[in-house]
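User: I would like a close look at a single part of this protein, in one connected answer. Please state the cut-offs behind the terms as you go.

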Amino acid sequence: MSLISLMDYSVSQVNPSFEDPIDGFGNYNLQVHGPYGSALANSSVLSLFFLDSGDRVTVDGRRTYGWIRNSQLDWLQHVSEKQDALGLGFFHIPIPEIKQLYYQKIVGEFQEAVACSSVNSQVLEKLVAVKNVKAVFIGHDHTNDFCGNLDGIWFCYGGGSGYHGYGKVGWSRRARVIHAQLSKKDSTWVGLERLTTWKRLDDKMLSKIDKQLLWSHES
């Protein structure tokens with residue numbers, strides 16, 4: 001993680017200082033400020049939380065995937081309590097509750113089983129409790145690319161984008177786009193108006209599919 005954080009144009013960070021040690025290595029918070037030269041230039045309009053969901057581990061003699069630990073959730077709550085900006089979460093391994101979305105309305109495709117940890121560390125409950133996190137973006141399952149809502153928070157797969165991992169024959173590689181739109185009043189930027197997302201396919205037309213609203217100032 002230290003190497004990645006030192007690469008050109010990288011905004012990744014090693015764990016921040018906190019009163020207690022934080023599990024993992026890639027836990028950090030980035031603030032997205034408003035347009036340069038505007039009144040929002042030094043204000044956060046979006047708060048991005050990155051959490052290290054770990055690797056494979058052994059629990060009670062059985063191999064499973066990693067999970068987000070209490071120390072990470074405590075740090076997330078501590079940071080979010082000091083902020084007013086809308087928050088977005090990013091981590092790799094899905095939480096167990098994602099399985100519930102198989103039976104609910106989603107935007108996109110649910111094509112493979114959710115490969116999550118056998119341990120439920122109550123991540124969803126903590127995200128709901130911090131209140132400002134409105135969407136979370138996950139990966140791991142390459143041929144799932146859907147968004148679904150759990151307790152008022154959107155959980156969206158990034159979609160399989162790279163060619164170094166598995167995919168599905170005839171199913172174009174894709175990347176999720178997140179679009180934050182600011183609002184204006186009397187030619188002045190006044191804050192975040194809406195958050196939308198869609199997927200861009202690596203096909204002949206670079207198709208744009210499944211555009212949806214994640215959050216609106218009016219909602």
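This is a predicted model: local features need pLDDT of at least 70, side-chain atom pairs count only at pLDDT 80 or more; totals for chains, interfaces and linings use all residues.

Analyst: Residues are numbered from 1 along each chain as its sequence is written, and side-chain values use heavy atoms, with hydrogens and water left out.

β7 and β8 (residues 153-157) pair in the antiparallel sense over four bridges, where two strands pair if DSSP finds at least two bridges between them, and strands (E, at least two residues) and helices (H or I, at least four) are DSSP runs numbered from the N terminus. Within this part, Leu150 stands opposite Ile153 of β8.

Both strands belong to an open sheet of six strands with mixed pairing, in the order β1-β2-β5-β6-β8-β7. Because β7 (147-150) and β1 (28-33) stand at the edges with a single partner strand each, one side of each is left without a neighbour in the sheet. From one strand to the next, the twist averages 20°.

As for the helices, α2 (residues 70-80) packs on the sheet and touches β1 and β2 (44-50), its direction making about 170° with that of β2; contact here means heavy atoms within 4.5 Å, and axes are lines fitted to C-alpha atoms, for helices over the stretch in contact, with angles from 0 to 180 degrees between N-to-C directions. Helix α3 (residues 123-130), in turn, lies across β6 (133-138), β7 and β8, and runs at about 130° to β8.
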